[in-house]
Amino acid sequence: MTSWLWLLTPLGASMLMALSLVPLGYRVLARGVVFADLAIAQWAALGSLAGMSLLPDHTVAGLPVSGLLFALVAVAMVHLILKWVPEHREAMIGILYVAGASFATLVVSNDPHGAQQLARTLNGDLLWVTGPALIPLATITGAVLLCQGTVSERTRSLCFLPLFAVAVTTTVNMAGIYVVFATLIVAPLMLCFLRGRGLFAASAYCFSGHSVGLWLSASLDIPAGPAIVVSIIACSLFGAIATQKLPSLRSSI
């Protein structure tokens, strides 16, 4: 048992990710801009890559500043898209995502380790997260939960995109775009929207998926990111089926 204690840190990160990203993902789904999170995550990854290439120290308190700046730029562009061309929002947000992915490839094109850096932005390295990295994530999780439970709906709406940008920047740098997207969307969609469960149930099944994925990665020596994504989908499907006949616990958000 002692040999598995090193998994407590990535499991702690997974729990914080579930608690912070699932409520944000619910709001993404409620707004009907599902791919906005993917585009913002891609631009956060682009900013982190640009920071590593151009700045000697691109982090403050564990948060990649360049990644946050680029994520905020993406947030601003998403806001303008929703305001000016709402009827074509998914197509425009898709263009935003493709532009971010293409810029990321160009940024590392002359780096001999560029392919590995790009792969890391997609798949992350959650299995090897360190203790200090949990501090900014815990702070963001606290802010999300506080905003979720205490402020008015108007204030919550105003804070949503900036808070979303900070949360996505931190978690993309830690877990990769695929894991962040799955954490944001899969459990809230399957548990909250399809089965009427509450956010606690969605967070619990999402964390279960993270835990199974981390265990599979450590046991079978397979990449953590894809293992976690597949496990989140499997656990959320199981949860949706298992809770089908239970009374609805839909949260009001």
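**Helix packing around H7: close-up views**

The crossing of H6 and H7 is left-handed. It is shown here, with the other views, in a predicted model.

**View 1. Helix H6 against helix H7.** H6 covers residues 134-150 and H7 covers residues 153-175; their axes come within 10 Å and cross at roughly 155 degrees. Angles over 145 degrees count as roughly antiparallel, so H6 is roughly antiparallel to H7. On the H6 side, the contact is formed by Leu137, Ile140, Ala143, Val144, Cys147 and Gln148. These residues meet Arg156, Cys159, Leu163, Val166, Ala167, Thr170, Thr171 and Met174 in H7. Sorted by class, the contact of H6 with H7 has 10 nonpolar, 3 polar and 1 charged residues.

**View 2. Helix H2 against helix H7.** The axes of H2 and H7 are 9 Å apart, and the two helices pack at an angle of about 60 degrees. This makes H2 oblique to H7. The crossing of H2 with H7 is right-handed. Asp37, Ile40, Ala41, Ala44, Ala45 and Ser48 are the H2 residues in this contact. Their partners in H7 are Phe164, Ala165, Val168, Thr169, Val172 and Asn173. By class, the contact of H2 with H7 has 8 nonpolar, 3 polar and 1 charged residues.

View 3. Gln42 lies in helix H2, which runs over residues 34-54. Because its relative accessible area is 4%, Gln42 is buried; the cut-off for buried is under 20%. Leaving aside residues up to four places away in sequence, Gln42 touches Tyr97, Gly100, Ala101, Ala104 and Ile177.

**View 4. The whole chain, for context.** The chain has 10 helices and 2 strands. Along the sequence, these elements follow the pattern α-α-β-β-α-α-α-α-α-α-α-α. The radius of gyration of the chain is 18 Å, close to the 18 Å that the globule rule gives for 253 residues, so the chain is as compact as a globular protein of that length. Along its principal axes, the C-alpha trace spans about 55 × 55 × 30 Å. Of the 253 residues in the chain, 47% are buried. Counting contacts between residues at least 6 apart in sequence, 81% join residues at least 24 apart.

Note on methods:
Residues are numbered from 1 along each chain as its sequence is written. This is a predicted model: local features need pLDDT of at least 70, side-chain atom pairs count only at pLDDT 80 or more; totals for chains, interfaces and linings use all residues. Side-chain values use heavy atoms; hydrogens and water are left out. Axes are lines fitted to C-alpha atoms, for helices over the stretch in contact, and angles run from 0 to 180 degrees between N-to-C directions. Helices (H or I, at least four residues) and strands (E, at least two) are DSSP runs, numbered from the N terminus. Angles under 35 degrees count as roughly parallel, over 145 as roughly antiparallel, 65 to 115 as roughly perpendicular and the rest as oblique. A crossing is left-handed if the near helix is turned anticlockwise from the far one by less than a right angle, and right-handed if clockwise. Contact means heavy atoms within 4.5 Å. Ala, Val, Leu, Ile, Met, Phe, Trp, Tyr, Cys and Pro count as nonpolar, Asp, Glu, Lys and Arg as charged, and the others, Gly among them, as polar. Buried means under 20% relative accessible area, exposed over 50%, partly exposed in between (1.4 Å probe, protein chains only). The radius of gyration is taken over C-alpha atoms; the globule rule is 2.2 Å times the number of residues to the power 0.38.
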